[in-house]
Amino acid sequence: MSIFRHRGSRGQQHEQEDHELHPESKINELRSALGPLSGRSLQFCTDACLKRYLEARNWNVEKAKKMLEETLSWRSTYKPEDIRWPEIAVEGETGKVFRSNFRDRIGRTVLIMRPGLQNTTGMDNQIKHLVYLIENAILNLPEGQEEMVWMIDFTGWSFSTNVPVKTARETISILQNHYPQRLAVAFLYSPPRIFEAFWKIVKYFLDPKTFQKVKFVYPKNKESVEIMQSCFDVDNLPTEFGGKATMKYDHEEFSRLMVLDDVKTAKYWGLDQKTNGNAAQETEPC
């Protein structure tokens, strides 16, 4: 029996490798299974998008279809592409989450998270703020890149500033279910020992694919230092993460960048830009 299981496992592995090398047929199969799409759903469901959902469900078309349909339903209700910075700017005042001004060695967008700087208590707006920044990170990915990097700085973290389990669970659910294959790696940098109790609860919400992307790194650990240096140019990496650069969050400057990105978002989705008309004119290339 073990021989047959081994052969079956090898066969499945070869089948998955074949899909990864030649994904077109599965993408076409999934597109056909979805049926006619229109509007934003059609715009969202690019070939690259369909491939991400197939990869998240190990190239099972039926499971990928179910997952993608749930995302389309969520997006039609939540409307993440309609969120604008002024709606959630208060959440960013302390710099608890922001898009960094540096990338990793292969050009992926980096989101910095500093849970010790939590400044609000409302879960809904906290989630909205994070969804906005996930969409923004994707908007700013260079051509050919599909994934972002999360870097979590635990400076000042305590149970009093900790994200509630309910919020953590909702965050994980949105990331895994509606942004599959968008997270390359999440670096948890120097978490305190008291974080272990929180982690023991939260890790059970992670699916195996996401769990493998979470990396605990410690400044005095040789392996951790090597991991960070292999992923980032230490001259660009902030000292908070073992690099040489200075990281200073300027809320006014970041807000200005986000307002400009709001114009890019509206243009990408073909949304009504009347409310941003002046900003759009200012940012038109000469």
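In which helix does Met-67 lie? I found Met-67 in helix 5, residues 61-78. Helices (H or I, at least four residues) and strands (E, at least two) are DSSP runs, numbered from the N terminus.

I noted the ground rules. This is a predicted model, where local features need pLDDT of at least 70, side-chain atom pairs count only at pLDDT 80 or more, and totals for chains, interfaces and linings use all residues. Residues are numbered from 1 along each chain as its sequence is written, and side-chain values use heavy atoms, with hydrogens and water left out.

Is Met-67 buried or exposed? Met-67 is buried, because its relative accessible area is 3% (buried is under 20%, exposed over 50%, partly exposed in between, with a 1.4 Å probe and protein chains only).

I then looked up the cavities. A cavity is a set of points on a 1 Å grid over the protein atoms alone where a 1.4 Å probe fits but cannot get out; lining residues have an atom within 4 Å of a point. I found 2 cavities of 30 Å³ or more. Helix 8 gives the most to its lining, with 5 residues.

Where does the second largest cavity lie? Domain 1 (17-78) and domain 2 (87-268) both give residues to its lining, so it lies between them. The domain bounds come from an automatic or database domain assignment. I put the second largest cavity at about 130 Å³.

Definitions and conventions: On a 1 Å grid over the protein atoms alone, a cavity is a set of points where a 1.4 Å probe fits but cannot get out, and a pocket is an open set with protein on both sides within 12 Å along at least five of seven lines; lining residues have an atom within 4 Å of a point. Grid points are joined across faces, edges and corners, and a volume is the space filled by probe spheres set on the points.
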